[in-house]
Amino acid sequence: MRLRTVDSFTDKPFSGNPAAVVMLDQTPSDDWMAAVARETNLSDTGFVIRERLPDADFRLRWFTQGAVEVDLCGHATLAAAHCLLEDGVAGPIRFATRSGVLTVGRRADGSLAMDFPAWPPAEIEPPAGIADTLGTAVEWSGRSGNNFLLALVADERAVRKLNPDIAGIAGLPAEVVIVTAAADPEQPFDFVSRVFAPNVGIDEDPVTGSAHTVLGPFWADRLGQRSLVGLQASERSGLVGVELRDDRVIVSGRAVTIVDGVLRSTDDVSSVSA
């Protein structure tokens, strides 16, 4: 089986968010996919399965390095589409996923645009202890329908300097915690963010496409713009384009293949401990 590592939301090797992509002719067991995801030890591994489907070209599933299957992973979707287009598959590509059919197409500038459901956050009271957990004051907090918690902080510097208590984040009532602020005025992007998800096995995710289904609607409403660019300010930072279209958000970025190899394994993982 072919196994590639792709850096997503970047056009420079060794930056952005790395995802593993496995191409399959049939659906393996969930345990096998979880074992492969643990083995790649990247934040997410995407499994592209060639399958006859009425409204899609491929099935796509995502597992984290913590062996958790997730409902949506933007950077592994970008990586999967990048691999298929690199192999000569004609776009746009339609993936059947746990979040419905997701379509990815190549734009004239070479970037890839992914059509995702939008998850605007609804304002909530800041969860108890969140300021101490993050180490900075929270000016606004909201929860999205996909159980992402959004925390607005004072400015770009506060986001970049975060050194949160990861155990404390795991205790917050959310699957994923997004910390965000408006970009400094001189920056070529509109907002910054960082994403923490210890409850799905990822302490900090480098660049998170799914988080921008929450960030896009939030900042579009706050800034009065339908099209924006966000910087996820992790150590492997990356730029993410977002464009609001009714109840959908187009999340866009670039990708580069880093490793192209062969996965040798059987589907028998009965001896592998969870």
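**View 1. G88, after helix α2, has a positive phi**. In this predicted model, the phi of G88 is near 95 degrees.

**View 2. Helix α2 is mostly covered**. Twelve of the 13 residues are buried. Among them are G74, H75, T77, H82, C83 and L85.

**View 3. W140 and F218 form a tilted aromatic pair**. The structure holds six aromatic pairs. In the pair of W140 and F218, the ring centres lie 5.0 Å apart, with 40 degrees between the planes. W140 belongs to strand β10 (residues 140–143) and F218 to helix α6 (residues 212–223), so the pair links parts of the chain 78 residues apart. W140 counts as buried because its relative accessibility is 15%, under the 20% cut-off. F218 is buried too, with a relative accessible area of 6%.

**View 4. F191 and W219 form a stacked aromatic pair**. The distance is 5.9 Å centre to centre, and the angle between the planes is 10 degrees. The pair counts as stacked because this angle is under 30 degrees. F191 lies in strand β13 (residues 191–197) and W219 in helix α6, so the pair ties together parts that are 28 residues apart in sequence. Both F191 and W219 are buried.

**View 5. Four aromatic residues form a cluster**. Ring pairs link W140, F191, F218 and W219.

Conventions
Residues are numbered from 1 along each chain as its sequence is written. This is a predicted model: local features need pLDDT of at least 70, side-chain atom pairs count only at pLDDT 80 or more; totals for chains, interfaces and linings use all residues. Side-chain values use heavy atoms; hydrogens and water are left out. Buried means under 20% relative accessible area, exposed over 50%, partly exposed in between (1.4 Å probe, protein chains only). Helices (H or I, at least four residues) and strands (E, at least two) are DSSP runs, numbered from the N terminus. Rings of Phe, Tyr and Trp (its six-membered ring) pair if their centres lie within 6.5 Å; planes under 30 degrees apart count as stacked, over 60 as edge-to-face and the rest as tilted.
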